[in-house]
Amino acid sequence: MTRFDRDIKKAARDFKVPESYEKRVEETIQSLSEEDVSFPCESHKKNLKGVLVFVCVCMVCMVLFSTAEVTHAGFLEMFKETIIDFLGLETEESKSMGIESRKDNAVSKPDLLLELQEKVIDGQNIYLIVKVTAPTDVVFHDHIGFDYFAFAEGENYNTENLLPGARDCQLLEVLEGKSNVATYIVSLSSTQELQEGTEVTAFFKDLVEDPYSDHPDVLVEGMWSITFVVEPTVSETIQIKGTSDMTYPFLDTTAKMVKLNLSPLGMTLVSDISEVDSELLGFADLKIAVRLKMIDNSELVVACHDEEEDTIISSSSYDFAQTDDKILMTSTFQFETPVSIAQVSGVYLEDYYVSFKE
């Protein structure tokens with residue numbers, strides 16, 4: 001939603017019908033005699049009634065602007081009750097289901113019901129399994145998704161509080177026998193450390209068909225949110241602090257490993273790249289060849305320079321920060337499927353090997 005759209009929405013929400021309008025309409029009505037309204041066939045009386053109708057319509061429109069949220073809330077409540085009946089739930093029990101819709105504006109299309117079913121979280125990765133119940137005319141399939149999704153700290157959508165690293169929102173499965181009910185996996189892989197106890201909200205905008213096409217078909221319009229608390233559910237992690245001799249080749253010079261975190265969900269590597277010409281960072285290939293060495297001597301390729309080679313990650317990202325006289329690069333890798341880190345004996349950064357067993 002653009003800033004202009006947000007301003008229009010706020011203006012509509014805050015708009016109040018001036019008392020003077022109601023007073024003037026009342027005076028106009030009182031000034032009409034019974035004769036004036038009993039002969040609608042006469043031209044001048046038609047005009048007068050037309051003016052009255054126009055004034056009344058204007059007044060109603062203004063009232064609708066100021067009460068749009070109340071009207072829409074009633075509509076959502078009616079839809080929610082329909083879904084509750086469909087699921088066989090009592091009203092009190094339904095309060096624990098999903099999150100109330102936070103729409104951009106009042107629309108005539110039915111709403112969605114979102115319910116957070118499961119969450120898997122480590123220090124920098126979030127996986128949510130979200131159940132979505134849509135109107136009965138929606139048939140979920142692989143090409144239906146949300147036009148936009150994001151994560152932010154707190155309960156409100158605010159660009160200043162957005163968490164970087166929102167990765168994917170993929171259909172997991174469609175409920176058997178209920179084609180309008182499906183579950184999605186929503187993921188985030190952040191270059192920032194996720195602090196335990198932080199309140200985070202996932203936002204979803206517009207359920208559409210073919211979300212990555214130039215002209216996606218909007219099935220249900222609006223914005224919805226799910227708020228949860230960051231509570232790590234992954235206890236098995238490996239954390240290695242770098243030393244001065246932990247260097248690996250990088251952009252015709254060397255980089256130094258500062259720290260490395262490995263969990264079943266992904267890997268984060270922080271490197272000191274102060275030796276690199278800063279002008280190269282804007283357009284150079286920042287990829288690092290990373291391989292996990294397993295205890296059976298097999299290897300899992302996390303990242304490599306050959307785009308044709310298969311890797312175990314679903315996404316990767318690179319972030320930069322300057323601290324004193326150092327330039328730090330954070331490389332974040334999110335695994336496609338969980339890795340048993342108990343089976344990992346070490347990691348190769350290019351040709352430099354870091355052992356986890358020492």
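This is a predicted model: local features need pLDDT of at least 70, side-chain atom pairs count only at pLDDT 80 or more; totals for chains, interfaces and linings use all residues.
Strands of a sheet pair through backbone hydrogen bonds, in either a parallel or an antiparallel sense. In this model, three strands form an open sheet in the order S3-S6-S7, and their pairing is antiparallel. Strand S3 (144-153) and strand S7 (217-229) are the edge strands, each of which pairs on one side only. From one strand to the next, the twist averages 15°. Strand S6 (residues 199-209) runs antiparallel to S7 and is joined to S7 by 10 bridges. Within this arrangement, leucine 207 stands opposite valine 220 in S7.

The aromatic side chains come next. A pair of aromatic rings is described by the distance between the centres and the angle between the planes. The structure holds 7 aromatic pairs. One of them consists of phenylalanine 140 and tyrosine 184, whose ring centres are 6.0 Å apart and whose planes stand at 70°, an edge-to-face arrangement. This pair links distant parts of the chain: phenylalanine 140 belongs to the loop between strand S2 (125-133) and S3, whereas tyrosine 184 belongs to strand S5 (residues 181-189), and 44 residues separate them. Phenylalanine 140 and tyrosine 184 are both buried.

A further aromatic pair is formed by phenylalanine 146 and phenylalanine 204; this pair is tilted, with 5.1 Å from centre to centre and 50° between the planes. Because phenylalanine 146 lies in strand S3 and phenylalanine 204 in strand S6, the pair ties together parts that are 58 residues apart in sequence. Why does phenylalanine 146 count as buried? Its relative accessibility is 6%, and buried means under 20% relative accessible area. Phenylalanine 204, with a relative accessible area of 1%, is buried as well. The residues of both pairs, Phe140, Tyr184, Phe146 and Phe204, form one aromatic cluster together with Trp224.

Strand S12 (residues 290-294) and strand S13 (residues 299-303) pair in the antiparallel sense over 4 bridges. The hairpin has 4 residues between these strands, and asparagine 297 takes a positive phi near 75°. Which residue of S13 is the bridge partner of arginine 291? The partner is valine 301. Arginine 291 also lies over the face of tyrosine 348, at 4.4 Å from the ring centre. Lysine 293 has its charged end over the ring of tyrosine 353, 5.4 Å from the centre of that ring.

How values were computed:
Residues are numbered from 1 along each chain as its sequence is written. Side-chain values use heavy atoms; hydrogens and water are left out. Two strands pair if DSSP finds at least two bridges between them. Helices (H or I, at least four residues) and strands (E, at least two) are DSSP runs, numbered from the N terminus. Axes are lines fitted to C-alpha atoms, for helices over the stretch in contact, and angles run from 0 to 180 degrees between N-to-C directions. Rings of Phe, Tyr and Trp (its six-membered ring) pair if their centres lie within 6.5 Å; planes under 30 degrees apart count as stacked, over 60 as edge-to-face and the rest as tilted. Buried means under 20% relative accessible area, exposed over 50%, partly exposed in between (1.4 Å probe, protein chains only). A charge sits over a ring if NZ of Lys or CZ of Arg is within 6 Å of the ring centre and within 35 degrees of the ring normal.
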